[in-house]
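Welcome, and thanks for taking a look at this one with us. Here is a short tour of some local features, grouped by topic.

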Amino acid sequence: MSLKTGYLGPEGSYSQIAARLLAQGEYLPYPSFYALVGALQENSVDGIVLPVENSLNGGVMQNLDLLQDAEGITAVREVNVRIDHRLVTLKGADLDGITAVYSHAQALGQCAKFLHTNLPQAKLIPTQSTSACLKKIKTFADAGIIGAQEVDERFALSPECISDEPLNYTQFLYVVKGSPDMSRHTKKMFLSITCAHKPGSLMAALSVFADGGMNLTKIESRPIKDRVGEYRFFIEAEADCALPHTRSALNSLGNMCSSVKILGCY
């Protein structure tokens, strides 16, 4: 039976590109990240693809929250996808006549400098994904931001990437149902922690990684929604989850942190 992988659609999105790199089988588009997680929990798909960090905009907070809040899912693979944003219009459109630019909010943010310089008159309108903007481009006054993938003959793409920084990457995780497999050898561990609200508590937690020789590759703070002024920390570290010293480090974190949740091992 062919495995089913869900991604943020429609077809042609960066999420679909990531899905093809992370899994084989059948690829199913979904309209939102919430729908993706729901499909996984309901066994409609075998795995889903979630973007969690962009090299320009940082963490994709909605998906960090989804990984934190959802029960019984875990990340098992990762891939970094080169983001090559292009302006797309109907053929024959003139930049001076563009009054609306459609794309995913992340893409709009990653191209802010280009949009401010070249399309200051245009209203920026978020869509569910980059590829979804194509359905919005109906007149010469409409434009979108999409990947450098091919589009049909109605459209024209800008010849070069319009991102604020050409070296633009997004990290995607492949997420499945189940608990983290701590017996599997891995290169990285992804987890969240909350610390006591007192001086030195985060430093003490981070020292566990240093003492265990685990290099941190990312740390992101996120406000805890129902506790004003307190934060949850999302941490990725180079770690082999199958090694005893990794499990020992997790035990130490459990003893000193208010909460610890393993979000993935990959």
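At what angle do the axes of helix α6 and helix α7 cross, and within what distance do they come? In this predicted model, the two axes cross at roughly 175 degrees and come within 9 Å. The notes below start with that helix pair and then turn to the backbone, a lysine in a strand, and the aromatic rings.

**Helix α6 and helix α7**
- Helix α6 covers residues 201-211, and helix α7 covers residues 244-256.
- Because angles over 145 degrees count as roughly antiparallel, α6 is roughly antiparallel to α7.
- On the α6 side, the contact is made by Ala204, Ala205, Val208 and Phe209.
- On the α7 side, Ala249, Ser252, Leu253 and Met256 take part.
- The residues of this contact divide into 7 nonpolar and 1 polar, with no charged residue.

- Helix α2 spans residues 33-41, and its buried residues are Phe33, Leu36, Val37, Gly38, Ala39 and Leu40.
- Just after α2 comes Asn43, with a positive phi of about 65 degrees.
- Asn43 belongs to the loop between α2 and β3, the latter being residues 47-54.
- Asn43 counts as exposed because its relative accessibility is 57%, and the cut-off for exposed is over 50%.

**A cis peptide bond**
- Gly9 and Pro10 are joined by a cis peptide bond, with omega at about 0 degrees.
- Most peptide bonds, by contrast, are trans.
- Pro10 sits in the loop between β1 (4-8) and α1 (14-22).

**Lys188 in strand β12**
- Strand β12 runs over residues 188-194 and includes Lys188.
- Is Lys188 buried or exposed? Lys188 is buried, because its relative accessible area is 18% and buried means under 20%.
- Leaving out residues up to four places away in sequence, Lys188 touches Glu78, Thr217, Glu236, Ala237, Glu238, Ala239, Cys241, Gly264, Cys265 and Tyr266.

**Aromatic rings**
- How many aromatic pairs does the structure hold? The count is 0.
- Phe190 does have a lysine over its face: Lys218 lies there, at 5.2 Å from the ring centre.

Key:
Residues are numbered from 1 along each chain as its sequence is written. This is a predicted model: local features need pLDDT of at least 70, side-chain atom pairs count only at pLDDT 80 or more; totals for chains, interfaces and linings use all residues. Side-chain values use heavy atoms; hydrogens and water are left out. Buried means under 20% relative accessible area, exposed over 50%, partly exposed in between (1.4 Å probe, protein chains only). Helices (H or I, at least four residues) and strands (E, at least two) are DSSP runs, numbered from the N terminus. Axes are lines fitted to C-alpha atoms, for helices over the stretch in contact, and angles run from 0 to 180 degrees between N-to-C directions. Angles under 35 degrees count as roughly parallel, over 145 as roughly antiparallel, 65 to 115 as roughly perpendicular and the rest as oblique. Contact means heavy atoms within 4.5 Å. Ala, Val, Leu, Ile, Met, Phe, Trp, Tyr, Cys and Pro count as nonpolar, Asp, Glu, Lys and Arg as charged, and the others, Gly among them, as polar. Rings of Phe, Tyr and Trp (its six-membered ring) pair if their centres lie within 6.5 Å; planes under 30 degrees apart count as stacked, over 60 as edge-to-face and the rest as tilted. A charge sits over a ring if NZ of Lys or CZ of Arg is within 6 Å of the ring centre and within 35 degrees of the ring normal.
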